[in-house]
Amino acid sequence: MGKIFCVMGKSSSGKDTIFKALRDDKALMLKPIITYTTRPKRINETDGIEYHFINEDVLEGYKRAGRIIEERVYNTINGKWHYSTIDDGQVELEKYNYILIATLESYQNLKKYFGDNNVVAFYINVEDGERLERAIRREKNQMNPNYNEVCRRFLADNEDFSEEKLKKCNIYDFYNNLNLKKCIHDIKNDILKFII
């Protein structure tokens, strides 16, 4: 039986970069699970790669069809943004191992849907000051920078990934992303322990 590896961390912790490195590592042969969102696409994003970018009408259709595995809604400065994992035929655990970026909430719901033993968490940790600097640098590169949203996400992440909530999900091991290569290497080695 395959595994679903969840890369998690606060915004600007490097989880997107780490996810891409692990996804593209031929030795791991991990298939990405592409989740869905109603938020606007960023300049450097491609539909069907980072997310499936959909509108709320399409999301409602999936809900009516009973195909939502998990969903989160964030009240942002720009309105409600939905993020969902949808049963769209992507996941075949009897054949493959998978990787995706997740939150604690989505991690718990994936475990309920696919089974506790089939879903594994990798929590990326970065000191808050460094994270905030990274977030501001990234936002400066957007066509219409939205620093209010950067601040909202920063504060929300401290609540969403609190020590108490991590412990409640039985997540005690952190992968510190001070050195990106080392962080990726450490996670890769731990993934290999599950799939070999």
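## Strand β7 and the model

β7 is mostly covered, with four of its five residues buried (buried means under 20% relative accessible area, exposed over 50%, and partly exposed in between, with a 1.4 Å probe and protein chains only). Helices (H or I, at least four residues) and strands (E, at least two) are DSSP runs, numbered from the N terminus.

This is a predicted model: local features need pLDDT of at least 70, side-chain atom pairs count only at pLDDT 80 or more, and totals for chains, interfaces and linings use all residues. Residues are numbered from 1 along each chain as its sequence is written, and side-chain values use heavy atoms, with hydrogens and water left out.

## Overall dimensions

The protein has seven helices and nine strands. Its radius of gyration is 16 Å, which agrees with the value near 16 Å for a compact globule of 196 residues; the radius is taken over C-alpha atoms, and the globule rule is 2.2 Å times the number of residues to the power 0.38. Along the principal axes, the C-alpha atoms fill a box of roughly 45 × 45 × 35 Å.

Of the 196 residues, 44% are buried. Among contacts between residues at least 6 apart in sequence, 69% join residues at least 24 apart (contact means heavy atoms within 4.5 Å).

## The parallel sheet

An open sheet is formed by five strands in the order β2-β7-β1-β8-β9, with parallel pairing (two strands pair if DSSP finds at least two bridges between them). At the edges stand β2 (30-32) and β9, each with a single partner strand, so one side of each is left without a neighbour in the sheet. From one strand to the next, the twist averages 30°. Axes are lines fitted to C-alpha atoms, for helices over the stretch in contact, and angles run from 0 to 180 degrees between N-to-C directions.

Strand β1 (residues 4-9) and strand β7 (residues 97-101) run parallel and are joined by four bridges. The pairing of β2 with β7 is also in the parallel sense, over three bridges. Tyr98 of β7 is the bridge partner of Ile4, and Tyr98 is the bridge partner of Lys31 as well.

## Helices across the sheet

Helix α1 (residues 15-24) lies across β1, β2, β7 and β8, and runs at about 165° to β7. Helix α7 (residues 180-195) lies across β1, β2, β7, β8 and β9, and runs at about 170° to β8.

Lys193 is part of helix α7 and is exposed, with a relative accessible area of 63%. Between the C-alpha atoms of Lys193 and Gln90, 103 residues apart along the chain, the separation is 24 Å.

## Aromatic pairs and a charge over a ring

Rings of Phe, Tyr and Trp (its six-membered ring) pair if their centres lie within 6.5 Å; planes under 30 degrees apart count as stacked, over 60 as edge-to-face and the rest as tilted. By this rule there are eleven aromatic pairs. One of them joins Phe122 and Tyr175, whose ring centres are 5.6 Å apart with planes at 55°, so the pair is tilted. Phe122 belongs to strand β8 (residues 119-125) and Tyr175 to strand β9 (residues 174-176), so the pair ties together parts that are 53 residues apart in sequence. Phe122 is buried at 2% relative accessible area, and Tyr175 is buried at 12%.

Lys31 lies over the face of Tyr96, 4.5 Å from the ring centre (a charge sits over a ring if NZ of Lys or CZ of Arg is within 6 Å of the ring centre and within 35 degrees of the ring normal).

Thr35 sits in the loop between β2 and β3 (36-37) and counts as buried, at 8% relative accessibility. Apart from neighbours within four places in sequence, Thr35 contacts Tyr51, His52, Ser84, Thr85 and Leu100.

Lys165 lies in helix α6 (residues 163-168) and is partly exposed, with a relative accessible area of 31%. Not counting residues up to four places away in sequence, Lys165 touches Leu104, Glu159 and Asp160.
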